Amino acid sequence: MRNILLQISNITKSFSGVSVLHGVNFDLRKGEVLGLVGENGAGKSTLMNIIGGVFPMDSGTMELAGETYLPKNPLVATGRGIAFIHQDLNLFSNLTVTENLFIGKFPHTALGGIDRKKMRLAALEYIKRFSLPVEPETVLGSLPAGIQQMVEISKSLMQKARILIFDEPTTSLSRKEKEDLFATIAELKEKGISIIYISHILEDIFRLCDRITILRDGRIIETRETSDFTEAALIQGMVGREMTGVFPSIEKEVLKSVLLEAKHIKWKDKVKDVSFAIRAGEIVGMYGLMGAGRTELARVLFGVEPIDEGEVVMNSRSYSRLNPGLCIGEGAAFITEDRHREGLLMTKSVDENLGLVKMSRLLNWAGVVDRKAVDTFNQFVIRNLRIKVADSRHQTVNALSGGNQQKVVFGKWTVNDPKILILDEPTKGVDVGAKLEIYSVIFNLAKGGSAVLFISSEIEELMGTCDRILVMKDGRISGEVAKPEFDQKRLLELALKNDN
Amino acid sequence: MMRKSHSMLIVFIVLLAPFILAGCGEGGRGDAAKTITLGLSYDSLESGWLVVNHAAVVEEAKKHGVETVSVMAEGDPSKQNMQIENLIARRVNAIICFPKDSSAIVTSIKKCKEAGIPIVMINRSVSGNILPDVQVVANNKAMAERVLDVFAERAKREGKTYKLVLLIGNLSDENAALRKAGHLQSITKNPDVFKLLAEIPTEWNLDTALKGLQNALQANPEVNLIVAPSDYLWPPIKSVLEQNGRWAKVGASNHISVVSFDGDQMGMQFLKDGYNEADAAQDAKLEAQLAVESALKLAGGEKATKNFTYDEGQIVTIENFKDVAPAVWSYRFLK
Amino acid sequence: MRLAGDMPILPLFVASFVLAMCFVPHFSTIYNLRNCLLQSADLLIISCGLTFVVLNGGIDFSVTSVLALGSVVGAYIMALSPLAATPAWSIPAALAAMVGIGLLVGLVNGFAVVRLKMPSFVATLATQLIVMGLAVQFASKVSQTSSISGLPEAFFVLGGEGKYFLVPLLVALTVFAVSDWLLSRTIFGRRVYAVGVNPKVAFISGIPVRKTIVWLMVLSGCFAGIACIIATARNQVGMASLGDKLFLTTIASVIVGGTSTSGGSGGVRKTLVGVLFITVLNNALNLLGVGWYTSMIVIGGLIVLPACSSHLLNGRNSRR
């Protein structure tokens, strides 16, 4: 029992019946830097949120400095000395440094107003103590990301944090700022503060951390001293699962004609330079970690975001300016990542949602919607996709299961007989049975000659359905793996690869 | 499901309570009015005159054993039309109306005629082809002429002559046009007393009046009489006179005479205090009486012999103030 | 037709109508019922237009100012302009002008919301003030009086004078029927609902969101123009004060009828019931001698009703 500060035992957590954490055990020692690694969806955020009091666990125990720790809300967690430095900083960019430091803890005057003088003096003291290169009255948003981060760290220390959790802290930092951060972490360590460091930049993990914990599919795989790990072993730990998925075996051919092509697409700094081509009948996967830019790419391809540079070629027609209407005209379809906010009209019926994309095929002579044709078509789609709904006219989609909802999304796009499909996490939040059905749909579309771009964070799924897999990292394609060479480790390596 | 309809039921009962209560109250007096009812459609009760007039109508009606029902349009002519429609639906025996807009009210007059319900206009007249059965108005022209005549008589006795400016209201307003005509009539009749230096159109707009009067005084510094067609214009008059250092009571060396019209609080107060010298007061109570009388006669089936019934008003001067003023409607508001 | 579940206001309306018939004196006379219907005509027309905008999650404050400007411009054409001498020309010209003004105002609103990205609340409030100002200025320039009279007799037919009392009703019903048809049977209608629920989803599904919004605003403006015709004909004068206090009643009708202000649910059928309910209520309160301010309190309270009932319903249904 070498100075264990935080002890976590057997934590389980499920969301809507889907189990996310399966009995997680780990401990954090005083004054150590513990690295936490894992793929997207491994459960890192969920675990941290439980520690931070954002939501409660289903079962299990936590002990902080020997006492039971069951935070009801984040305020309690902060009170017990746990601070979160999020990836997107938890600060108010329109307020000053002083105001940010004292958010939630404003000193009051006798009358109840905010004691600005006292605040300012206290802020100056902290600025001196942490050597922050700022003025108390500086507006936070005007400072570079590195400095903002330092303010956030200072805020945590002001709140007497004993444990600091860093979640992907270096994504917005410059090289120098990163070095400063590491220096700060070293200092904190010396003061006896414990740190949990989450990152997928393995190089940094190896540099900073005393021990490393691997989380995979909601389970802790192993925790060891850093010196006991090699990078290869780490990667193997992150992906080394048994492939248990079932995928349809449908014969299809990849044809010669290229239906969708991206030429040096650039969008803000999320998509830096992406080129690829997809043929009719081909299913091309796109893997990558969070923040790689895949969703942004998909949105640019469909005209939801404007193309900064580059061209999109559909059916041999080249476009440098796109909008969804144009894409639909070219026979393209886009299944978004978040069906709740961008895929379905949640409060409307199944029928209404199915009819969203192209009703002009269902008009009669007067330019009026042909009710009968609409009904016939809807029933056909519902049968075809096996959408489980009793009364499609009146049943609202928000009452359906995730799998059925996603099928409705598919349904509405198949009106158009889409020849180009852009799918962004099409089986997210979908149960196993429905997943299989969705894979069949995708296969059949490809068999019918459509070109499919399949974006996903589940390696297994991609390996089971795609003809080849592209890997995206930091806005670029870092590599491509053809079917015969499919390998989990290789794909993750490409997703983690550092660019030198 | 149960709970939903329960709460709906409660809301529903609460909502309809006023209907039921009122209905029960009115239940007895359903249709075929045994008592005669007069509908009173007024623009608003915004001025003192209207308050007194309306109250007088109600009282007068009571004296005759007649009920009244009042509706206020609050400055909206189309609402007034709608309210009159409803009065007709309630089968009142006659309607007394103070219109917001003399042109917009025509459609209501038509409806009254169609329904066979007599309508009496009060204080504001309607012109054109379609007229109400009776119009009770102040005899604007005669009163305007008389007030200046009275003033002229005193001037002759004192051997004074007056150089005057004449303020004019909005000429599309019948009342303003008639008053102007009356004033001019008196001026022409008494050339040895009056000399007209300027006419100042005001459009019944206080700002326009202010500027116009100011310019006129500057151009004609020898003016010693201002004739106003309404007490409504007192604020700009006072303001301009104060600016020119001529706001003074009778007897002071810098006093300038003013003669006005209406008999409202302001005019009468200034008369009492000595800033105003004569005022032609519209008789709110008399007009009320005349209106009610006409309405009842018409409701009884008599036909009106003449369209206009005049309120000759009262001329109040500094001299006769003690005797005449108490009869004026605004007297009780004076300090 | 599943009416009752969809429209909690319908039984309320029927009940209040029955109660009024029984307990409110003079309510049940032919004369009064006829008035009631006529009084509801222009309200129905404006409310239909407003329903489109509310379905989109927006609001249009400018509809009542269209009434004001249309009224004075139309009256000017028919009574004071050179055309006034020939009603055969002046009346159609005036009608075109009134609707045209509504259309223009709608276009301006649409442009402001779509291009300038102003929220409809702000944009239409601004147009309301500007158009009102224009109406008052125009009226004072062309006429000494606050109203413009001397309109041709033939025009009054549109206001339901005498034996033509069916005319405004027919116009209102036609507008209603067209609105209902647009909303329930055409692509445009589907788009209106889709954009109202979630504009992002609509956009990704290829719906021309911006064009749809502009059309909505234009429809609202045009309908206001048509209502202006009826209201001006009924009052038989052009007035810059026309429609002054109408907005409260209009939005109350739409909301009480059950169209949700957050967009995407409701429709003109609900608005129709809302209009009838409010008209009956207003009429009954008037007949009972209840003052203007008290009626406003009652109507204001009514707006709370659908919010309450949908809360009660959603308490069961919430599945987010």
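Colleague: How far apart do the C-alpha centres of domain 1 and domain 2 of chain A lie?

Modeller: In this predicted model, those two centres lie 36 Å apart. Domain 1 of chain A covers 4-239, and domain 2 of chain A covers 258-496.

Colleague: What makes up the contact between these two domains of chain A?

Modeller: Contact here requires C-beta atoms within 7 Å. The contact takes 9 residues from domain 1 of chain A and 10 residues from domain 2 of chain A. On the domain 1 side, helix 8 (residues 231-239) of chain A gives the most, with 4 residues. By class, that side has 4 nonpolar, 5 polar and no charged residues.

Colleague: Thanks! Now the chains. How do you know that chain A and chain B do not touch?

Modeller: Compare the numbers. A contact needs C-beta atoms within 7 Å. The nearest C-alpha atoms of chain A and chain B are 18 Å apart, and the two chains do not touch. Chain A does meet chain C: 23 residues of chain A are in contact with 18 residues of chain C. Helix 10 (324-329) and helix 11 (339-343) of chain A each give two or more residues to that side. The side of chain A that touches chain C has 12 nonpolar, 7 polar and 4 charged residues.

Colleague: Which chains have the most contacts between them?

Modeller: Of the 2 pairs of chains that touch, chains B and C have the most contacts.

Colleague: Why is strand 5 of chain A called an edge strand?

Modeller: Strand 5 (67-68) of chain A pairs on one side only, and strand 2 (18-29) of chain A does too. The open sheet has 4 strands in the order 2-1-4-5, with antiparallel pairing.

Colleague: What makes strand 4 and strand 5 of chain A a pair?

Modeller: Pairing takes at least two bridges. Strand 4 (residues 59-64) of chain A is joined to strand 5 of chain A by 2 bridges, so the pair meets that cut-off. Leu64(A), for example, has Glu67(A) in strand 5 as its bridge partner.

Colleague: Where does helix 1 of chain A lie?

Modeller: Helix 1 (residues 44-51) of chain A lies across strand 1 (4-15) and strand 2 of chain A, at about 65 degrees to strand 2.

Colleague: And the core: which residues touch the most other members?

Modeller: The largest nonpolar core has 341 residues, and those touching the most other members include Tyr197(A), Val120(B) and Ile45(C). Helix 10 (residues 209-235) of chain C gives the largest share, 15 residues. Leaving aside neighbours within four places in sequence, Val120(B) is in contact with residues including Ala94(B), Pro132(B) and Ala295(B).

Notes. Residues are numbered from 1 along each chain as its sequence is written. Chains are lettered from A and ligands numbered from 1 in the order in which they are written. This is a predicted model: local features need pLDDT of at least 70, side-chain atom pairs count only at pLDDT 80 or more; totals for chains, interfaces and linings use all residues. Ala, Val, Leu, Ile, Met, Phe, Trp, Tyr, Cys and Pro count as nonpolar, Asp, Glu, Lys and Arg as charged, and the others, Gly among them, as polar. A nonpolar core is a set of buried Ala, Val, Leu, Ile, Met, Phe, Trp, Tyr and Cys residues joined through C-beta atoms within 7 Å. A residue is buried if 20 or more other C-beta atoms lie within 10 Å of its own, exposed if 12 or fewer, and partly exposed in between; C-beta atoms are placed from the backbone. Domain bounds come from an automatic or database domain assignment. Axes are lines fitted to C-alpha atoms, for helices over the stretch in contact, and angles run from 0 to 180 degrees between N-to-C directions.
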